[in-house]
Amino acid sequence: MVKVVKAAPVVEIYGPVVQGEGEMIGCQTIFVRFGYCDYRCSWCDSMFAVDPGQVALGAIRMDAPSIVTAVLQLPKAPWITLSGGNPAMHLLQPLVDSLHNNKYKVAIETQGSIWKPWVATCDCITVSPKPPSSGMARKDPDFETLTHFLSQAPVSTTNLKIVVFDDMDFLFAKQVHHLFPQYPMTVQVGNDVGHDGAEALLAKLLWLTEKCLQDPDMAAVKPLPQLHTLLYGNMRAK
Ligand code: SF4
């Protein structure tokens, strides 16, 4: 019988860096970024990992052993973050198992649109439902897809993160928090890639922080910046 080796398109592997977003902000991690995404958010800052043409040109198909070998060549970090694109489009159980065998903790970042059983075996599941400003609002406001995803994600390891550019996005975050209060939630200032400098991002963070402070329904929600954009600007991390 021929053994089938599952390979997935890997756009980049880099680190260690600090996680710039969500509940794991500040944690040292290596990123493994996979190509392809089922969404097309208007403000996506990772189109090189979304657009099929760019992925076809830039990604390398790698199986779990090759990815782990590449990770092991980098300086040690406690976490490996599986990002994208949407990493949940791929079959990554062998990779998660192998990373665990090598004493790494595994985090995943996904919008929560596609469930795969291997996701439940990650140590941190960051789910980022996309708000109206993303242009993907038709998929999310019914919350059916998100409810399906969260019904299978362990509460103990799952957190929600929502990007907020404006009042409509903030209202969306409130809706999600109201429906799923059992999950820790962060709201993160929207980043106008290529335009927002540190001063603009800090002004947005002040606005978002005040919105949370003034809204009793959001008392348990943490407003956060994208730390890496403050540290390094709107550069692609490497
Ligand atoms: S879900 Fe994430 S990776 Fe996919 S298009 Fe939206 S922002 Fe980009």
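Q188 sits in strand β8. The model that shows this is predicted. Q188 has a relative accessible area of 2%. Buried means under 20%, so Q188 counts as buried. Residues beyond four places in sequence also touch Q188. Among them are K161, I162, V163 and V164.

Strand β8 belongs to an open sheet of nine strands. The order is β3-β1-β2-β4-β5-β6-β7-β8-β9, and the pairing is mixed. In general, the strands of a sheet pair through backbone hydrogen bonds, in parallel or antiparallel fashion. At the edges stand β3 (60–63) and β9 (222–224). Each has a single partner strand, so one side of each lacks a neighbour in the sheet. From one strand to the next, the twist averages 30°.

I108 has I125 of β6 as its bridge partner.

Helices also meet the sheet. Helix α3 (residues 93–101) packs on it and touches β2 (28–34), β4 (79–83) and β5. The direction of α3 makes about 170° with that of β4. Helix α6 (residues 198–213) lies across β7 (158–164), β8 (185–189) and β9. Relative to β8, the strand that holds Q188, helix α6 runs at about 145°.

Methods: Residues numbered from 1 in each chain as written. Predicted model: local features only at pLDDT ≥ 70, side-chain atom pairs only at ≥ 80, totals over all residues. Heavy atoms only, no water. Pairing = 2+ DSSP bridges. Helix = DSSP H or I, 4+ residues; strand = E, 2+ residues; numbered from the N terminus. Axes fitted to C-alpha atoms, helices over the stretch in contact; angles between N-to-C directions. Contact = heavy atoms within 4.5 Å. Buried < 20%, exposed > 50% of the residue type's maximum accessible area, 1.4 Å probe, protein only.
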